[in-house]
Structures are given as structure tokens and as C-alpha cells.
Amino acid sequence: MTTRRWQLAHGRYLDLGPKAVVVGILNVTPDSFSDGGLFIAPEKALEQARRMVEEGAAVIDVGREST
């Protein structure tokens with residue numbers, strides 16, 4: 001697979017390489033629909049983030065505000 005370039009807004013580009021990247025989503029809101037607020041305590045959030053990294057996540061997206 002070759003590198004692909006996507007054009008973004010404002011003259012920016014995103015180069016996508018041949019390797020997939022795993023992103024872990026960590027919700028730290030009490031009303032999270034996916035985990036019910038299991039990770040709102042800082043120590044629980046850090047435990048979960050470490051677990052995600054151990055399982056292959058290269059990026060952790062921390063969601064702090066409910067939509």
C-alpha cells in the first residue's frame with residue numbers, strides 16, 4: 001500500500017501511510033452512554049488509558065464534555 005494524501009481545510013494535508021493506527025476513546029463524563037461514567041475518577045481514567053496502550057492504542061482521545 002502506498003501513502004495517500006488527503007487535502008484538509010486551510011491548505012493543510014494529511015498523509016496516510018500503509019499502517020493503521022488504533023485510537024482509544026476514553027470518556028470521562030458521568031453521563032457517558034458507552035461506559036456510564038466508569039472513568040471519571042482520575043486514577044480510573046489513567047488505569048484505562050494504560051490498558052488501552054497495552055492493547056495497542058497509539059492515540060488516546062479523552063472526551064470530557066457530553067454532547
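D15 is partly exposed, at 45% relative accessibility. In this scheme, buried means under 20% relative accessible area, exposed means over 50%, and partly exposed lies in between, with a 1.4 Å probe and protein chains only. The model is predicted, so local features need pLDDT of at least 70, side-chain atom pairs count only at pLDDT 80 or more, and totals for chains, interfaces and linings use all residues. Residues are numbered from 1 along each chain as its sequence is written, and side-chain values use heavy atoms, with hydrogens and water left out.

D15 takes part in a salt bridge with R5. The closest N and O atoms of the pair are 2.7 Å apart. A salt bridge here is a side-chain nitrogen of Lys or Arg within 4 Å of a carboxyl oxygen of Asp or Glu. The structure holds 1 salt bridge. The pair links distant parts of the chain. Helices (H or I, at least four residues) and strands (E, at least two) are DSSP runs, numbered from the N terminus. R5 is exposed, at 52% relative accessibility.

β1 and β2 run in the antiparallel sense, over 4 bridges. Strands count as paired if DSSP finds at least two bridges between them. W6 has L14 in β2 as its bridge partner. Q7 is bridged to Y13, also in β2. Together β1 and β2 form a hairpin, with 5 residues between them.

The loop between β1 and β2 contains H10. Phi of H10 is positive, near 60°, although H10 is not a glycine. Most residues other than glycine have a negative phi. H10 is exposed, with a relative accessible area of 77%.

T3 lies in the segment before β1. T3 is exposed, at 53% relative accessible area. T3 and D15 are 12 residues apart in sequence, and their C-alpha atoms are 6.6 Å apart in space. Residues up to four places away in sequence aside, T3 touches D15, L16, G17 and P18. Contact means heavy atoms within 4.5 Å.

The largest nonpolar core has 7 residues: L26, V28, F39, A45, A49, M52 and A57. Helix α1 (residues 42-54) supplies the largest share of this core, 3 residues. Such a core is a set of buried Ala, Val, Leu, Ile, Met, Phe, Trp, Tyr and Cys residues joined through side-chain atoms within 4.5 Å. M52 is in contact with G24, I25, L26, A57 and I60, leaving aside neighbours within four places in sequence.

V28 is another member of this core. V28 lies in the loop between β3 and α1. V28 is buried, with a relative accessible area of 13%. V28 and A45 are 17 residues apart along the chain, yet 7.0 Å separates their C-alpha atoms. Beyond four places in sequence, V28 touches F39, I40, A45, V62, G63 and R64.

I40 is found in the loop between β3 and α1. I40 is partly exposed, at 46% relative accessibility. Its contacts, not counting residues up to four places away in sequence, are V28, T29 and P30. I40 and T29 are 11 residues apart in sequence and 5.9 Å apart in space, C-alpha to C-alpha.

The surface carries a nonpolar patch made of V21, V23, I25 and V59. Together these residues have about 340 Å² of accessible area. Accessible areas come from the Shrake-Rupley method with a 1.4 Å probe, and for residues only the protein chains shown count as cover. Patches are made of residues with over 30% relative accessible area and no salt bridge; like charges are joined within 9 Å, and nonpolar side chains (Val, Leu, Ile, Met, Phe, Trp, Tyr) within 5 Å. V21 sits in the loop between β2 and β3 (23-27). V21 is exposed, with a relative accessible area of 55%.
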